[in-house]
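Reader: I am new to this structure and would like to go through its salt bridges. Please take me through them one at a time.

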Amino acid sequence: MKTFAYVILTFISSASIAQLSNQINWMTWDEMTAIRETDSVKKKIFIDFYTGWCGWRKKMDATTFSDPNIVTYMNQNFYAVKFDAETKDTIVF
């Protein structure tokens, strides 16, 4: 019985980890620049400009950016940055 419980728990935790990897690894500009400096292989930068009120952004998050093929491609080939288009912060390039 203990073995059965262990197998079930292992399966559940593995499924949870798999779900987490089915998301684009979005980061901030600062996180991206820090990671990019240390990476030996550089990727292109994909910037998703968004606003909190934009319905199309929410639709893309729910459809396009949730598609497993897009998620895999984005994570392998790009530094994916979410960028608030209405920010008042100073950005250093």
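Reader: Where do Asp61 and Arg57 both lie?
Author: In this predicted model, Asp61 forms a salt bridge with Arg57, with 3.2 Å between the closest N and O atoms. The two residues are four apart, about one turn of the helix. Both lie in helix α3 (residues 55–62).

Reader: Is Asp61 buried or partly exposed?
Author: Buried requires a relative accessible area under 20%, and exposed requires over 50%. Asp61 has 22% relative accessibility, so Asp61 counts as partly exposed.

Reader: With which residue does Asp61 form a salt bridge at 2.9 Å?
Author: The closest N and O atoms of this pair are 2.9 Å apart, and the partner of Asp61 is Lys82. Asp61 lies in helix α3 and Lys82 in strand β2, so the pair ties together parts 21 residues apart in sequence. The residue asked for is Lys82.

Reader: How many residues apart in sequence are the parts tied together by Lys82 and Asp48?
Author: The side chains of Lys82 and Asp48 meet in a salt bridge of 2.8 Å, N to O. Lys82 lies in strand β2 (residues 78–84) and Asp48 in strand β1 (residues 44–50), so the parts tied together are apart in sequence by 34 residues.

Reader: Does Asp48 count as buried or exposed?
Author: The cut-off for buried is under 20% relative accessible area. Asp48 has 9% relative accessibility, so Asp48 counts as buried.

Reader: Which residues are linked in a network of salt bridges?
Author: The structure holds three salt bridges. The residues linked in a network are Asp48, Arg57, Asp61 and Lys82.

Definitions and conventions. Residues are numbered from 1 along each chain as its sequence is written. This is a predicted model: local features need pLDDT of at least 70, side-chain atom pairs count only at pLDDT 80 or more; totals for chains, interfaces and linings use all residues. Side-chain values use heavy atoms; hydrogens and water are left out. A salt bridge is a side-chain nitrogen of Lys or Arg within 4 Å of a carboxyl oxygen of Asp or Glu. Buried means under 20% relative accessible area, exposed over 50%, partly exposed in between (1.4 Å probe, protein chains only).
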